[in-house]
Amino acid sequence: MKTQFIFIILCLLVMAACSTSDHAANPICVRVIDGQGNGIANATVVIGTRTGQVMSFSSTGDDGEAYFDGAPSHATITAAFSCHASSADRTYSYVDVVYDVNVSVVTLTLGTCDQNTRQVHINVTDEVAGVTDREVTLGPITYNGSNVTMDIHELQDDGTISVFATGYDAGGDIEGYGFALDQPAVDGSVIDVAIDRTDLVQHTHRFENVPPRFMSYYAFASLFRKHAPTNLPFNFTWGMAPLPAVMATYSTAGFADNNMLTATVSVDQDSDGTADADIGLVRYLKDSSNQVFDFGQAPLIPGDLAYNAGMAGRPLISWSNNDSSSTMQKITIDYSATSPQRVSCAYTITVPATAGAAIFPDLPDTLADLRPGAYTNLSLETVKFDEPTSYDDYLDAIATYNGPFYEEETLSCYSYTRVSRVP
């Protein structure tokens, strides 16, 4: 029966492809970027038909872009990049796929092996009374102390960094804070930060319609400056059920030009004592404020996630999307191995909400090593935006993606459900 079911899905996909012409030639620009919005040179971009058959491929230039004179309607666009991290003695491969593309510009995101780690030395001084302990936050990382050396993990749009310092009293209460804005990201440089402010603003967030059988939660608020996040420990909370009635976070004038707030719960759908789904809410806000996180707004949890290896490195992933109001779905395939070589592969496939199956696209022979043959973890995420957003609108909006896309009003607030499985 399973084989018959897969055959039926394949037939439906083929018939859908035949029902719409794939021969219309539409010029397209494909941007390939890393997680910070920087273009990736020498990535391979593949233009494929609706069913993922290769039509043409090319490499990105120094700006991370590749141009094609013609792409079919409902095209499949694939970007791939591999690199070796000598520090980990591991080869990393990244493949990002977008199906059903009918826009003239599309952006795909891959990882890199950037080993040019830079460090800065940060000196903190106290200009408010009562401080006995200090935390220094640079991007996603926080260290304790008054004199710390920290790695630079993310840059702001202008190539600079901003540092946040928090002072606590002996009881762990915040006495003051300070920051150094837009500092040069020069390896070995020294940044001075004074804890000289006491005007943190507190916000209170409530949670509603928490799903039954939820097991754990986490929620946080991140301060963004020029698309770079600053994750302050006191803006983060997590734990096991029950979920607290309220959560407090803090913001400050003069540091952030945007704020990201998110709340996620894990759910045990089958009551076997193990979480098997996540439900999350994400909001980007120019000005932080009190919020109500209503989990009843999230899309319904998808089901029946299945993986069939198929042939020639083109596995078939199938599932049921139980929420027709969602916008898009993202499949993630992770694979790691230590023998015969140390490798890690990360594949993502984006499809419209109407899809219930996806066949991994064909790749040219030059990328034969990247054809997936197995997986370590498989996940599916269904995304629904608060504002009505079509799949084409979503692809159009991320064409100018540069870090979080909070400038796009219709994409600034969304919810998701995620399921995963292992072999």
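Predicted model: local features only at pLDDT ≥ 70, side-chain atom pairs only at ≥ 80, totals over all residues.

Modeller: Strands, like helices, are DSSP runs numbered from the N terminus, with at least two residues (E) for a strand and at least four (H or I) for a helix. In strand S14, Ala194 is the bridge partner of Thr125. Two strands pair if DSSP finds at least two bridges between them; here S8 and S14 pair in the parallel sense, over six bridges.

Colleague: Which residues of strand S14 form its covered face, and which its uncovered one?

Modeller: In a regular strand the side chains alternate between the two faces of the sheet. In strand S14 (residues 190-195), Ile191, Val193 and Ile195 make up the covered face, whereas Val190, Asp192 and Ala194 make up the uncovered one.

Colleague: How many disulfides does a search of the whole structure find?

Modeller: A disulfide is a pair of cysteine sulfur atoms within 2.5 Å. The search finds one: Cys83 and Cys113, whose sulfur atoms are 2.1 Å apart. Cys83 belongs to strand S5 (residues 75-85) and Cys113 to the loop between strand S7 (105-109) and strand S8 (119-126), so the pair links distant parts of the chain, 30 residues apart. The link of Cys83 and Cys113 is right-handed, with 75 degrees about the S-S bond.

Colleague: Is Cys83 buried or exposed?

Modeller: Buried means under 20% relative accessible area, exposed over 50%, and partly exposed in between (1.4 Å probe, protein chains only). Cys83 has 14% and is therefore buried; Cys113, with 15%, is buried too.

Colleague: How many aromatic pairs does the structure hold?

Modeller: Rings of Phe, Tyr and Trp (its six-membered ring) pair if their centres lie within 6.5 Å; planes under 30 degrees apart count as stacked, over 60 as edge-to-face and the rest as tilted. The structure holds 14 such pairs. One of them joins Phe224 and Tyr284 edge-to-face, at 6.1 Å centre to centre and 80 degrees between the planes. Phe224 lies in strand S16 (residues 214-225) and Tyr284 in strand S21 (residues 277-285), so this pair ties together parts 60 residues apart in sequence. Phe224 is buried at 4% relative accessibility, and Tyr284 at 11%. Another edge-to-face pair is that of Tyr347 and Phe360, with 5.4 Å between centres and 90 degrees between planes. Ring pairs also link Phe164, Tyr177, Phe179 and Phe255 into a cluster.

Colleague: Which residues have the most contacts inside the largest nonpolar core?

Modeller: A nonpolar core is a set of buried Ala, Val, Leu, Ile, Met, Phe, Trp, Tyr and Cys residues joined through side-chain atoms within 4.5 Å. The largest has 44 residues, and Trp319, Ile331, Ile333 and Ile349 have the most contacts inside it. Contact means heavy atoms within 4.5 Å; leaving aside residues up to four places away in sequence, Ile331 touches several residues, including Trp319, Tyr347 and Leu380. Apart from this core lies another, of 40 residues, among them Ile28, Phe68, Ala75 and Tyr284.

How values were computed: Residues numbered from 1 in each chain as written. Heavy atoms only, no water.
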